[in-house]
Amino acid sequence: MRFSRFFCGGRLLWSVLISGPALAWSFAIGRGHGVSDAVSYPDPAWISVILCGVPIVVYALRKLISAGSIRAGLLVSVAMTASVCIGEIFAAGEVAFLMALGELFETRTLKKARDGIDSLSRMAPSSASVVKDGEEKEVPVSQIRRGDVVRIRPGGSVPVDGLVLSGFTAVDESLMTGESVPVEKKAGDRVTSGTVNTYGTVDVVSESDSGDSTFDRILKMMREAHDARAPVVRLADKCATYLIVGAFFAALCVWLASGDIVRGVTILIVFCPCAFALAAPTAAGACMAVLSRNGVLVKSGEALETMGKVRAMAFDKTGTLTYGHPVVEKVAASEPFDADGVLRLAAAAERGSEHPIGRAIFSGVRDGVPESSCFRMHHGRGVEASVCGERVLAGSRGWLEENGVKIGEAETAAADLDMASGRTVVYVSSGGRYAGRIILSDMLRKESRDVVSRLHRSGVSHIALLTGDNPAAAGVAAEAAGADEVRAELLPADKARAVVDLAVRYGTVAMVGDGVNDAVALETADVGVAMGGRGSDVSVGAADIVLMHDNLHMIPFLVSMTRDTLRNIRLNIVFSIFINAVSITLAAAGVLGPVSGAVLHNCSSLFVVGHAASLLRRRPEHGSE
C-alpha cells in the first residue's frame, strides 16, 4: 500500500510498537469485549487509530483524489471510519494496526535505493595527464577532446577510447570485456575507457570527445535500462476496485435486509484484506531472512517474486563460472626435465616480473622458488634470467626460437591444441635447451557443473554462457559447465541484447555476473544476480540480488527458495479469501459483531504469519553450506 512514505524515519516502527500494547490494554479493560462503560477514560485503541490508521486514510484519499487510484487502503479506511462512527474503536484500531504491521514488514525488507549508477560514475577517473608540446599537464577528464594525447601510468584507469601512440603495457580488460588475462598493448593497439593499465606507461591518442567513450555509453545504457523497469503492482492493490465494490454491495444488502447497521459495518471489517495484504510481505520477509542468513542479499520484493518465475538464466564466464584470474593448469616437460623443475625454473625467471602471467606462474610454486639474477623483461616476448648459473627463458615460442631454442613438432602441435581451446602457453628453456611448456587458464569453479545441473532440475529450462572472452575459451567453459548455449566476444551492449533475446525465447530471464561489463545486462534482465565477493561496485549496485560470499551453490537454493515462497504466498492468499468468505457469511447472519469479526481476522492473519514463518526452517543443501 506504500503509505509508509507519510512516516518520517522510524515513525512507522514506533507507531506499531506503541499501538500493539495500546490495543492489548484496550482489550484487557473490556473495550475489546464491547463493554463500552467499563471505565471512564478514552479507549486506548484510539492510539492505534491515530498512529496507524490516520496515515492509511490520508494516503488512500490522496491517491483517490490526485490520481483516481483505488487502493486496498481505501477499503481499510472505510471500515475504520465506519467502526469509529458506531463506537467500535477497538475494531478500528485492530484493523489499522494489522495493516500498519504488514506495511512495516514490507518496508523493512524492501530496499529500493540503488547506487550502482553512482558507483559506476565514481569509478571513472576525474582527471588525466594530457601531453601537449612535450609538456604534461593534469586536466579534468571532461576537458579531453578527440586527438588529445593522454599519458597513462601503471595502475591508472584508461579515461578515453583511443590508440596507443607509444609505450608497451598489459591492460586488464576483465571488468569491461570479461577477458581473464590482461591483454598486451603496443603502439597502434586500441584501448578502451574503463580498463586498467597494469604496468607499463603508455601514451594514448583519444578517438572521441569526453562524454562519448565506451564507459560513458555503458553509463547511459544503465540509466535507460533502470528507468525502463516498471515496479510490480501488489496483488491486494490490483484487486482493490473489486474489493471496494464487493464490500459496499454486501454491506448495503445486509443492512437493508436486516435493518442492523452493525451487521453492515461488520461486513466492511471482515471484508478488509488484512490477511490478504500480509500474505506476500510476511512470506517475502521470511524468505529474505533465510537468504540473508546464508549470504544472499535480496534488494526488493519484486526481485524475489521475479526470481521465483525464472525460466532461463545467463551466466558471465570470467569471475562467475570461473575464478577470474589465470592459474597454472598443467606443465608439459621435455626430457630430461620434469614438470616440477620446469615450473620452478619459470617461477625463478618470473620472480621480478609484474606481468599477471608471470605472477600466476610464480604463485603456482608451493615451496621455495630458486634465486635468480640478471632479470630482463622483453615486452611482448617474455623474460630471461640467470637461474643456478643457467640462462632461463620463459615466453613465446617465436622468441625462444629466435634465441636458438629448438622445439619439436610434436610439442608445437600439442601447444597449438592448448591455445585453440583458449588456454595461454608459456614456453621455457634452460641453457639453450627446450625444457617444456606451462599451460595457464582461467579455471572453471569446481562447483559450476553441479550448480547448472541443479538449476535444470529446479525448472530453469535454459542456461546460457555470455562472455567477452574468445570463442575457444568460452566453448571449453560452456561444455565443462553443462551450459545449453554459449555466446563469445560480447561487448556490454551485446550482452544486454543477448539477455533480451533470451527473454523473447524463454520468458523471465536472470543474469549472473560480476564485472562492469555485466552491469548493463544485469539491469536489462528481469532479475540480476551479482557476485558480491569479488564483483565490482557497479555490478553489485546494478543487480537485484547479491551473493555476498561468491558461493555459486546458493543460486539453485535461491531459485528453489523463491519458488517455495511464491507457493507459500498463493496458499496464504487462498486461505485468507476462504476465511473472508466464512466471516462475511457469519457477519451477515449476525453471528459475528465488529469486535469478534476483527478478532477472527486477527486469527487468520496469525495463521498467514505462522505459515510464512515456516519458510524460516529452510536450509541449503549440503553443497551450499
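A salt bridge is counted here when a side-chain nitrogen of Lys or Arg comes within 4 Å of a carboxyl oxygen of Asp or Glu. The structure is a predicted model, in which local features need pLDDT of at least 70 and side-chain atom pairs count only at pLDDT 80 or more, whereas totals for chains, interfaces and linings use all residues. Residues are numbered from 1 along each chain as its sequence is written, and side-chain values use heavy atoms, with hydrogens and water left out.

By the salt-bridge rule the count comes to 24. With buried meaning under 20% relative accessible area, exposed over 50% and partly exposed in between (1.4 Å probe, protein chains only), arginine 151 is partly exposed at 26%, glutamate 136 is partly exposed at 34%, and arginine 153 is partly exposed at 41%. Salt bridges that share partners join Glu136, Arg151, Arg153 and Asp203 into one network.

Strand β9 (residues 202-206) has four of its five residues buried, so it is largely enclosed by the rest of the structure. Two strands pair if DSSP finds at least two bridges between them, and strand β3 (residues 149-152) pairs with β9 in the antiparallel sense over four bridges, valine 149 having valine 205 of β9 as its bridge partner. Strand β4 (residues 162-166) also runs antiparallel to β9 and is joined to it by four bridges, with valine 164 standing opposite valine 204 in β9.

The aromatic residues can be taken next. A pair of aromatic rings is described by the distance of the centres and the angle of the planes. Rings of Phe, Tyr and Trp (its six-membered ring) pair if their centres lie within 6.5 Å, and planes under 30 degrees apart count as stacked, over 60 as edge-to-face and the rest as tilted. A search of the whole structure finds two such pairs. The rings of tyrosine 427 and tyrosine 434 have their centres 6.4 Å apart and their planes at 45°, so this pair is tilted, and both tyrosine 427 and tyrosine 434 are buried. Phenylalanine 575 and phenylalanine 607 also form a tilted pair, at 4.0 Å centre to centre and 40° between the planes. Because phenylalanine 575 lies in helix α23 (residues 554-588) and phenylalanine 607 in helix α24 (residues 594-613), the pair ties together parts that are 32 residues apart in sequence. Phenylalanine 575 is partly exposed at 23% relative accessibility, and phenylalanine 607 is partly exposed at 36%.

The cysteines remain. A disulfide is a pair of cysteine sulfur atoms within 2.5 Å, and by this rule the count comes to zero. Cysteine 52 is buried, with a relative accessible area of 0%, and cysteine 287 is buried, with a relative accessible area of 0%.

Notes: Helix = DSSP H or I, 4+ residues; strand = E, 2+ residues; numbered from the N terminus.
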